[in-house]
Amino acid sequence: MKEQGLIASTILLTATSLVTRTIGMISIVYISNTIGTEGMGLYQLLMTIYSVGIIVASAGLSVSVSKMIAEEIAKHHFSMISKVMAIALFISALLSITTSFMFFTFTDTIIHLFIADARILWGLKMLSLSIPFISFSSCFKGYFYAVKKAAFPASADILEQFIKLALIMTLVGLWAPKGLSYAYAAVGIGMTIGEMISCSYLLTLYLINRKGVSYPKGKVPFYSTTRKSILFGLIKLILPIALIAYVGSAFISIENILIPMSLRKFGASTEDSLSIYGMLKGMVLPILFFPSAFLTAFSTTLIPEIARANALGHKKRVAYTTNRVIQLTFILSMLIVSIFINYSTEISLIFYKKLEVGQMLKILALIVPFMYIEAVTDGILKGLGIQMCCLRYSIIDSLFRILMIYFLIPIKGISAFIGIMIASNILTSTLNFNKLLDETKIKIKVSNWLIKPSVSATTAGIFSKLLINQIIPTSISLSWHLCLGISLCLMIYIVLLFLVEALTSEDFNWLKKHLSPCKEG
């Protein structure tokens, strides 16, 4: 079968992620400008509860399906694919329908226990109806990643986001003037319809794809394995990943609920604490995570790629791929740090018209390399089947954050939380990175990974800012000023990377090799 290479899949997913994140940012900006910072704080708490339901219903499904199918393909056990999918969908239905029913039925109790603000009631009820569709979609996406047909889930994501954006902007615009409760209900309806259509689309693509599957000549197309063994195999894969997600979700929920409470202890009113929380979680962090589309795509495609190589005992290939990905992660993250530090004011004014957002963004830009390294190393470790250490690190990090939030924010306020975020990301990325070094035996390249990219990015950021301020007329719009500044920074950065040999022809040969479709077989 013809397959997309790792980088080809990654570029496709990156383009998709950029499109979907852009649409998501438009949606977030629209919602925040419509309901205000206090409404945004409450919205983030609503999304916290909603994410718990999603994680309970779908955590580990996509990764486990992707990993198991990739391994069966590597062993040429092609007839196993349908069996794996049938059992995965059964598990998905059992978890998601139960979760959706519980959330819809006991919404009042859930809100009373965690937030005590009835304005989110109908928003949560509407959102709970989307959980089964999200869970089923996770299974289909896992299948498509494993068979290297990333275009299918990519197109589904784009379709879903466009539908959500159109519905949210229409319904929130109509209902928000009636109050926040109506605005949250509008968001819930828009998101649920988007998930329904996306799931139906993926199901159609899956059925068409399976109908047209042909096995490679000379390969044995049948492998006798009982459904019971597949079920236990999937559960064995799902449980560690799900446990990590459940523990992480529980800790994140506690953390998100503690932050406004701790800010009130610091002296802020309920409205002010929700406003500060909404500004940080709903405005600053989405911008901070926006450029990580490439790394999110890498993490998604790395799991089956690493799992396939690891299952076949290709340790050198695992190490080589890991080395290249870590290098690209550092190169990208240093550029993002430079852009956020030099252009934080422009970004905050264009999106939110709030200078406070820019000040927070400039400070938190320093954690970008740690955030991105953590995301990539987590994907690689899961591909290697080392889920339990990820769970252990997640627990350590979450306990650290919760304790620091509980004790420090009442004393130092939001500045304490910013410090906690920086320390937390350094801790988890260091733990993940050290474990990855132990498992893959790759060597740290301080010069090419850290020194050269950081010096090049700093130079590019400062020089582009000075040049733009000197040659661009003040009459030009702030948006054009930002676009030109970032473009110039990127061009200077790439040139400098080649001059200092942080990027070489060997790197591009590797990219070219993986951009080409794999041959049949």
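Predicted model: local features only at pLDDT ≥ 70, side-chain atom pairs only at ≥ 80, totals over all residues.
Reader: OK, so at what angle do α12 and α17 pack?
Author: Helix α12 (residues 315-351) and helix α17 (residues 446-471) pack at about 30 degrees, with their axes 9 Å apart. Helices here are DSSP runs of H or I with at least four residues, numbered from the N terminus, and axes are lines fitted to C-alpha atoms over the stretch in contact, with angles running from 0 to 180 degrees between N-to-C directions. The two helices, α12 and α17, are therefore roughly parallel to each other; angles under 35 degrees count as roughly parallel, over 145 as roughly antiparallel, 65 to 115 as roughly perpendicular and the rest as oblique.

Reader: And which residues of α12 and α17 meet there?
Author: Among them are Phe330, Ile331 and Met334 in α12, and Trp449, Leu450 and Pro453 in α17, where contact means heavy atoms within 4.5 Å. The residues of this contact divide into twelve nonpolar, eight polar and two charged. Here Ala, Val, Leu, Ile, Met, Phe, Trp, Tyr, Cys and Pro count as nonpolar, Asp, Glu, Lys and Arg as charged, and the others, Gly among them, as polar.

Reader: While we're on α9, is Ser262 buried or exposed?
Author: Ser262, which lies in helix α9, is buried, with a relative accessible area of 2%; buried means under 20%, exposed over 50% and partly exposed in between, using a 1.4 Å probe and protein chains only. Not counting residues up to four places away in sequence, Ser262 touches Ile405, Tyr406, Ile409 and Pro410.

Reader: How many residues are in the largest nonpolar core?
Author: That core has 112 residues, and those with the most contacts inside it are Tyr43, Leu288, Phe340 and Leu364. Helix α12 gives the most to this core, with 15 residues. A nonpolar core is a set of buried Ala, Val, Leu, Ile, Met, Phe, Trp, Tyr and Cys residues joined through side-chain atoms within 4.5 Å.

Reader: What does Leu364 touch, then?
Author: Leaving aside neighbours within four places in sequence, Leu364 is in contact with Leu280, Val284, Leu285, Leu288, Ile418, Met421 and Ile422. Leu364 also takes part where α13 meets α16, alongside Met360 and Ile363 in α13, and that contact has seven nonpolar, no polar and no charged residues.

Reader: Last one, where is Leu391?
Author: Leu391 is in helix α15 (residues 387-412), and Leu391 is buried, with a relative accessible area of 7%. Not counting residues up to four places away in sequence, Leu391 touches Leu243, Ile244 and Val247.

Key:
Residues numbered from 1 in each chain as written. Heavy atoms only, no water.
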